[in-house]
Amino acid sequence: MRPSLRIVIAEDAVLLREGLVHLLQRFGHRVLAAVGDGPALLATAREHRPDLVITDVRMPPGRADEGLRAARLLQSEQPGLAVLVLSQYVEQTFAEELLDDRRGSAGTGYLLKERIGDVEEFADAVTRVAAGSTVVDPEVVRQLLARRRDPLDRLTPREREVLALMAEGRSNAAIARRLVVTEAAVAKHIASILLKLELPPTAPDDHRRVLAVLAYLRA
Amino acid sequence: MTPRTVLEALARSPLGYLRTVWPWRALGFLLSGGVFATAAYLGVGGLFTAPIGTWAAVLCAVAVVVFAAALAGPLERRRLALADRSDRGGGSDRGDRPERRNGLLVAGYGAVSVLAVGWMDLAVVLVSLGIPGFLLLAPLQPTASAWQAVAGPVAGALLLPVSAYPIGAWAGVRAAVTRAVLFPKDQELREVVRSRARLVDAFETERRRIERDLHDGAQQRLVALTMKLGLAALDLPPGSAAAQEVAQAHALAKEALTELRELIRGIHPQVLTERGVTAAVRDIAGRCPVPAHLDIDLSGRLPAAVEQTAYFVTAEALTNIARHSGADHCRITARCVDGLLRLDIEDNGSGNADPARGTGLIGLADRIAAADGRMLLSSPPGGPTLLRAEIPCGRPSA
């Protein structure tokens, strides 16, 4: 059974905010507060000290990137606070800013808002981020893969699939489930990918592995 | 094309000029001013000979001069129509807008032109017409000899057409000066450029508004809808007819969301507003199927209009490269030096890009021109293609 998380939500669209609360409660989490703008997020997160903050990028008062800024500020204030940022569409820049200044082992996620629709996957991402993983939207990964071509050409199609799932922050077990292969096969693919991309052999830590892959893709 | 000014008529066909209406227009132009000036001066002179006190005469004279000066401005513009038929920025059609814009200038110039220089107009007419006139009237002179009475009118008749030239030339020069003062061309041209820039600005504002409306409205509702459908699916028995229907509805709503996201993205990227052109160009290059090497060195933010234009140019250029060039990589370079943003987009494709063949490049050039910049293109057959945009960025140095 998944652990129950203490969550603060910031989302300015009322319909969506209510929906998120409902969804998270449905999966057994506790929503401590649901607010609609950047300053309120800062205030409530400081007061409640939640396990996880889920925030929209664009919120009042400036309707710019208040949510993202607040999330980054909170993460610097509260080491270990997991943050899941929801964006209307992929902004590589925002994703990178978020991933670049992540501290310690705090979980960080950047997902397209529309992923909420896949409720079970979204709930899974929430749990993984809260557990300290890095979760990056498949769309971000897809764009990064499209950008870096040359050395990636050396990968087999299956290896590319594995790489994309790795970059999304999935564990070997999760990748194996997704591709319907054994974990051992996944480990073999990953070793081959790291070799071909000349990445240093990584620790078993999923999280650092994700960062290494993302760093490679962004380079 | 018919000549639009006296000077044009003179220059284009010196002999044909005599057969046109232009000499008469020139004469009318010069006389109208001269007659007005004469009337004004006679009015003032008459006052001082009138049986009223000196002070009253001075006051009346001042009044006459002020009145004449006030009339001179509008008169000057009407007179100009005689010697210069070219369009005066809509001045003659749309009422007296230029006059209102700089009424003092018009009145002042009119007063000087008619009351002071007007005498020269009159003198030119008198001298030009006086000599042939004197010769024509030679037979009437009591002292004229027989040969003078014959030769005089002949010489006068020959000289009369000649007088049309100094009159035309002087009228032309005077009209040109008047036009330069009252209807400065530079100002009109600047105005056009500014209004085009305003139009681009208005479009940009509108795009941003549409983006926000879609983002705040339709998109949020669709996300909420997919979430509700997703939750509903959880509670339905798997494999049931209802579960299948809900799953289909869920899939449809997600597709709609994806389409909407792409649409919004294309309208106005949020990152351009929040993080500036460097980040926005990096993002768009990241999405381009042709790998792009970026070399962008712009410290700080540029004016919004410049950033929008630079972003638009990059987006269009990358689309073109992906669609037509066949290139396997491209390079984007941007520098701001001496107040000029230079944006180079180079690819190793097949070249032969021709602005005449499609509207894309022309649209690009138009967009850059509206930002007061210019577009340069080098695309020999076989490539490579280099598109360069130079846009003033209102910054003295890099």
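**A first tour**

Mentor: Leaving aside neighbours within four places in sequence, A:Asp56 touches A:Ala10, A:Glu11, A:Asp12, A:Gly67 and A:Leu86. Two residues are in contact if their C-beta atoms, placed from the backbone, lie within 7 Å. This is a predicted model, where local features need pLDDT of at least 70 and side-chain atom pairs count only at pLDDT 80 or more, while totals for chains, interfaces and linings use all residues. Residues are numbered from 1 along each chain as its sequence is written, and chains are lettered from A and ligands numbered from 1 in the order in which they are written.

Trainee: Which element holds A:Asp56?
Mentor: Strand β3 of chain A, residues 52–56. Helices (H or I, at least four residues) and strands (E, at least two) are DSSP runs, numbered from the N terminus.

Trainee: Is A:Asp56 buried or exposed?
Mentor: A:Asp56 is buried, because 28 other C-beta atoms lie within 10 Å. Buried takes 20 or more other C-beta atoms within 10 Å of a residue's own, exposed 12 or fewer, and partly exposed is in between; C-beta atoms are placed from the backbone.

Trainee: What does UniProt list for A:Asp56?
Mentor: An unreviewed UniProt entry lists A:Asp56 under "modified residue: 4-aspartylphosphate". UniProt positions are given in the numbering used here, feature names are shortened, and annotations may be inferred rather than shown by experiment.

Trainee: What about chain B overall?
Mentor: Chain B has 12 helices and 5 strands. Of its 398 residues, 33% count as buried.

Trainee: Where does UniProt put the "transmembrane region" annotation in chain B?
Mentor: The unreviewed entry gives residues 21–42, 54–75 and 104–131. Residues 21–42 of chain B are 95% helix and 0% strand, with end C-alpha atoms 31 Å apart. Residues 104–131 of chain B are 100% helix and 0% strand, with ends 39 Å apart by C-alpha.

Trainee: Where does α6(B) bend?
Mentor: At B:Leu160, by about 35 degrees, and B:Pro161 follows within four residues. The bend is the angle between axes fitted to the seven residues ending there and the seven starting there.

Trainee: Last one. Which way do β4(B) and β5(B) run?
Mentor: β4 (374–378) and β5 (385–392) of chain B run antiparallel, joined by 5 bridges. Strands pair if DSSP finds at least two bridges between them. B:Arg374 has B:Glu390 as its bridge partner in β5(B). The hairpin has 6 residues between the strands, and B:Gly382 takes a positive phi near 95 degrees.
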